[in-house]
Amino acid sequence: MTDTAAETRDDPAVGASAPGGLADTGEPSTGPRLPRARQATVALVLVVGFALCVRLAQVDLRALLEGLPEMAGWIGRSWPPSTQGLDLLALRAAETVAIAVVGTTLAMVAALVACVPAARNLTPARLLRVPVRWLLNACRGIDSFVFALLFVAAVGLGPFAGVLGVAFHTFGSMGKLFAETIEGMPRGPLEAAELTGAGRVRVVTWALLPDAAPGLVSVALYMLEFNIRASVVLGVVGAGGIGQQLKNAIDLLHFPRLLTIIVIILAMVTAVDQLSARLRARLA
Amino acid sequence: MTPSSSSVLQVEGLGHRYGTSTVLRDVSFAVAPGEVVAVVGPSGAGKTTLFRCITRLIEADHGSVRVGGRDLAALRGRELRLARRDVGLIFQQYNLVRRRSALGNVLLGRLAHLPAWRALLQRPGPDESALARSCLDQVGLGRYAGARADRLSGGQQQRVAIARALAQRSRLVLADEPVASLDPASAAGVLQALGTVARDHGIAVVCSLHQVELIAGFADRVIGLRAGEVVRDGPASTFGPGDRTAVYGPAPATIRTPA
């Protein structure tokens, strides 16, 4: 209630200030305006910075122009797509889905635990929130691919290394998104439940989870979609799935097979995205 | 009312400052078992602050609050939780769990009493379910037991909240502006339901209202709050134009309403 009241109170102010800002009447309405000299400096820094990045990234248009005909040739040589060994490809594709599903599920269980101390409105102690946030950010900052590289070294080649890679990275992202979802929940019902004298675990499971569930499930489905795409490339570092086949086909310049694999990946990713989008639409 | 050990609620010398402004100044009153008390006053008189100090959602600067003889200010953690079980609360915004059924929300009033395994598995058991169901019946919503809370009207949601407070089986219910968001007909219905269950069960009610018109037929006693001070405390039947002026200040002649 206080939120909506604040919004309605702010609305006229926002409406009044926006046209003023656009008309450039010199009023400091949409925030502090930079003087012209500062504007020029900022523009110069941006341009020089971008030029530097282009240089560092070794952008070379000539190489692209020379390479394009060759790529076009690959497309010609890849037709018709190979139908050999489709059963193996299907198995590897299923493996990719399995890596994403198991990795996301493991991450979800851990994230559900971690989001309680990470969420401002649930944490039992403010001090606990800081290290948990650090842990989540660290896991989020390291990509599944990098984690998978480490786990291939630790547990050996194969999809299990991929599962662990996905799980660790997803734990970070999902824990953060879960915590943000929970922080966005209205305070009232939680307060009402707390004031019946019930303990924290009871309050969370009875008064918070039912209302937070659609948001949490939506986050989990989004992460699953993301992880299907991420799992595709894990095979490149030997962590199982269809990515391994992709790398083999490129290494052998076996273009018809490459085309088949790309079609399978596209079909797989699209199917999961569609399914997930539909489920999420029904959650509202 | 003289403070006595038989009071359900005893507030003494309660004071609270917010920054440099005094929100509550030396507020004292006691509520007897089964008594229905309306706290009236203009916006900003300190009604909400008073309620939040009583439940210790905010800490008072001075004074004490005793519920059933126990000083709430002295309690911490688990003890405070146990003491809060004895106070039912009703909020202006109902504060129901939106996606739970009406019955599920009433069961929240039993949450602290459920055995741990029943609470975790969300299986309240037949006794508690029957109790919750009877509470819903008493506010006239028995046939909405399975309806999701956010599908009910405002008046119905507030009656679910009354049933939730009733399910706590407490001797004291605090209601902070329970009908401020409702249309007049729903407001009257909600207050009637609250008054009825209070009298049927001998529950003391302290209820803040900003519409004085609603106290007739609902409250036994009216406490008037103005600028954080009690300016009127007496039977509802004697609340007259003089009291109204004491609480709200002189009414502008053009919109004066009969008291």
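In this predicted model, chain B holds an open sheet built from six strands, which follow one another in the order β6-β7-β8-β3-β9-β10. The pairing in this sheet is mixed. As a bit of background, strands of a sheet pair through backbone hydrogen bonds, and they can do so either parallel or antiparallel. At the edges sit β6 (87-90) and β10 (229-235) of chain B, each of which pairs on one side only. Going from one strand to the next, the twist averages 15 degrees.

Helices of chain B pack on this sheet too. Helix α6(B), covering residues 154-167, touches β6 and β7 (172-175) of chain B, and its direction makes about 175 degrees with that of β6(B). Helix α7(B), residues 184-201, lies across β3 (36-40), β7 and β8 (204-209) of chain B. Relative to β8(B), helix α7(B) runs at about 160 degrees.

To pick out one position, Gly224(B) has Arg232(B) of β10(B) as its bridge partner.

Over in chain A, a pair of helices is worth a look. Two packed helices are described by the angle between their axes and the distance between the axes. For α3(A) (residues 61-78) and α11(A), the angle is about 85 degrees and the axes are 7 Å apart. Angles of 65 to 115 degrees count as roughly perpendicular, so α3(A) is roughly perpendicular to α11(A). On the α3(A) side, the contact is made by Trp74(A), Arg77(A) and Ser78(A), while α11(A) brings in Phe255(A), Pro256(A), Leu258(A) and Leu259(A). Sorted by type, the residues of this contact come out as five nonpolar, one polar and one charged.

Further along α11(A), which spans residues 255-283, lies Asp273(A). This residue counts as partly exposed because it has 16 C-beta neighbours inside 10 Å. Asp273(A) and Phe226(A) are 47 residues apart in sequence, yet their C-alpha atoms are 8.9 Å apart in space.

Finally, there is the contact between the chains, which takes 17 residues from chain A and 22 residues from chain B. On the chain A side, α8 (187-194) and α9 (200-234) each supply at least two residues. The largest share of that side, six residues, comes from α9(A). Taken by type, the chain A residues that touch chain B split into nine nonpolar, five polar and three charged.

Notes: Residues are numbered from 1 along each chain as its sequence is written. Chains are lettered from A and ligands numbered from 1 in the order in which they are written. This is a predicted model: local features need pLDDT of at least 70, side-chain atom pairs count only at pLDDT 80 or more; totals for chains, interfaces and linings use all residues. Two residues are in contact if their C-beta atoms, placed from the backbone, lie within 7 Å. Helices (H or I, at least four residues) and strands (E, at least two) are DSSP runs, numbered from the N terminus. Ala, Val, Leu, Ile, Met, Phe, Trp, Tyr, Cys and Pro count as nonpolar, Asp, Glu, Lys and Arg as charged, and the others, Gly among them, as polar. A residue is buried if 20 or more other C-beta atoms lie within 10 Å of its own, exposed if 12 or fewer, and partly exposed in between; C-beta atoms are placed from the backbone. Axes are lines fitted to C-alpha atoms, for helices over the stretch in contact, and angles run from 0 to 180 degrees between N-to-C directions. Angles under 35 degrees count as roughly parallel, over 145 as roughly antiparallel, 65 to 115 as roughly perpendicular and the rest as oblique. Two strands pair if DSSP finds at least two bridges between them.
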